Every structure is written in C-alpha cells, then in structure tokens.
Amino acid sequence: MTAPRLKRIHHVAYRCRDARETVEWYRRVLGMDFTTAFAEDKVPSTGEEDPYMHVFLDCGGGNVLAFFELPQQPEMGRDPNTPAWVQHIAFEVEDLDALVAAKAHIEGQGIDVLGPTYHGIFKSIYFFDPNGHRLELACNIGKPAQHAELRALAPVMLEEWALTKRAPRQAAWLHEEPPG
C-alpha cells in the first residue's frame, strides 16, 4: 500500500457563532467570495440530529475556507491550554505593498492588527475574525537559497527538538531582521 497522492486542500472548516455575520465579515474584510451553503437537520456522515449551516468562501487559488454554525451546541470556545497565537489560518498576499495595503484596509474596518512581523522568508500581519479565530496575511520575501537551506535543516532541527525540547539555533536568522 502507498500513501494517497493529494491534489490540494479541498476546504478547511471551522466553527462560527453566526454564519451570516461570518460571511459578511470575510467578504468585507478579506474580499472572499461566498460560493456555497449547505444546511441540514441531520449530519450526513453520522446521522446525528444536529441542525447546521455550513458556508464556503473562496480564498483564491482554488482554496476554500468553510464555517459551521451549530445553534443547538454549547457556545463555542477555544482550547484554554493552547495560547491564542498558536492556532491560526494564514493567507498569502502578492507582496509587501499588498501586505501594507491590507493592514491599512483591515485597520480601517476597526480591527486591531499586529505587524508586519519579520519571519526571514516572509512577513506577516495578524488579527482576529469575529469568531475569535486568529488570521495571518503573509507575503513571501525569501530567496531560493534560503528555502533550500531551510529544507535541508528541517530534519536536523526536528531531531534536535525531539531530543531536547529546546529551540534549535540552525535557522535563528529567520527572526533576526536585517538592518535598514
């Protein structure tokens, strides 16, 4: 048996508090197209009685972000043992100018934005959607040699981490922004 050959991510699904509010927010703030809505009283995969609205948004490039509103479930929360900065959805923008323009647009919507933050091979901004999901917009700035170096270092760094649970320093340059 061999592992399947994946084509792409079909969609990623998260929970939302209010499907309409979520669709309107993603359309207004990030310009996503609302493409599809599924709604059922029974969950097709399990047969459970659990009414839901499942909405799909086109993120560009064949990528789809989906949300479930579950009105009969307890109010949504987040894992209290995972810091808010860990779980996030990252979207790519064309370049640094697009990232800076996106930050201005999002802040113009009254949303707090952190960054740009330097990550060596990309820069990012961070903010939260109305459901409390952390979002990231990133633009690539890395050079082919940097990507090749990181690919070669990845197994070495993972092995060191597995043994020590301390940050390996081989790619420390990723967060050392060059001067000027």
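Q: Helices (H or I, at least four residues) and strands (E, at least two) are DSSP runs, numbered from the N terminus. How many helices and strands does the protein chain have?

A: The secondary structure of the protein chain comes to 3 helices and 8 strands. Read from the N terminus, the elements follow the order β-α-β-β-β-β-α-β-β-β-α. This is a predicted model, in which local features need pLDDT of at least 70 and side-chain atom pairs count only at pLDDT 80 or more, while totals for chains, interfaces and linings use all residues. Residues are numbered from 1 along each chain as its sequence is written, and side-chain values use heavy atoms, with hydrogens and water left out.

Q: What does the C-alpha trace of the protein chain span along its principal axes?

A: The C-alpha trace spans about 55 × 50 × 35 Å. Accessible areas come from the Shrake-Rupley method with a 1.4 Å probe, and for residues only the protein chains shown count as cover. The protein chain exposes about 12200 Å², of which carbon and sulfur atoms supply 54%.

Q: What percentage of the residues count as buried?

A: Buried means under 20% relative accessible area, exposed over 50%, and partly exposed in between (1.4 Å probe, protein chains only). Of the 180 residues of the protein chain, 30% count as buried.

Q: Which residues have the most contacts inside the largest nonpolar core?

A: In soluble globular proteins, nonpolar side chains tend to be buried together. A nonpolar core here is a set of buried Ala, Val, Leu, Ile, Met, Phe, Trp, Tyr and Cys residues joined through side-chain atoms within 4.5 Å. The largest one has 24 residues, and Y26, I106, I125, F127 and L137 have the most contacts inside it. At least two residues of this core come from each of helix 1 (19-30), strand 3, strand 4 (63-69), strand 5 (88-92), helix 2 (96-108), strand 7 (122-128) and strand 8 (134-140). Helix 1 gives the most, with 5 residues. There is also a second, separate core of 5 residues, including L150, L153, A171 and L174.

Q: With which residues is L137 in contact?

A: Contact means heavy atoms within 4.5 Å. Apart from its neighbours within four places in sequence, L137 is in contact with L30, F91, V93, L99, A102, I106, K123, S124, I125 and F127. For the protein chain, residues 24 or more positions apart account for 50% of the contacts with a separation of 6 or more.

Q: Why does H54 count as buried?

A: H54 counts as buried because its relative accessibility is 6%. The residue lies in strand 3 (residues 49-60). Not counting residues up to four places away in sequence, H54 touches H11, A13, T36, A37, F38, A66, F67 and F68. A polar contact is a pair of N or O atoms within 3.5 Å; within protein, one must be able to donate a hydrogen and the other to accept it, and residues adjacent in sequence count only if both atoms are side-chain atoms. The side chain of H54 reaches the backbone oxygen of F67 at 3.2 Å.

Q: Is H105 buried or partly exposed?

A: H105 has a relative accessible area of 34%, so it is partly exposed. This histidine lies in helix 2. Leaving out residues up to four places away in sequence, H105 touches R28 and V29. A polar atom of the H105 side chain lies 3.2 Å from the backbone oxygen of R28. H105 and R28 are 77 residues apart in sequence and 9.9 Å apart in space, C-alpha to C-alpha.

Q: Where is the place of I121?

A: I121 is in the loop between strand 6 (114-118) and strand 7. With a relative accessible area of 14%, I121 is buried. Beyond residues up to four places away in sequence, I121 touches C139, N140, I141, G142, Q146, H147, L150, W173 and L174.

Q: What is found about F34 in strand 2?

A: F34 lies in strand 2, residues 33-42, and at 38% relative accessibility it counts as partly exposed. Neighbours within four places in sequence aside, F34 is in contact with V23, R27, V55, F56 and L57.

Q: Which residues does a cis peptide bond join?

A: A cis peptide bond joins G115 and P116, with omega about 10°. P116 is found in strand 6.

Q: Which residue other than glycine has a positive phi near 55°?

A: Phi of K165 is near 55°. K165 is found in the segment after helix 3 (144-164), and with a relative accessible area of 54% it is exposed.
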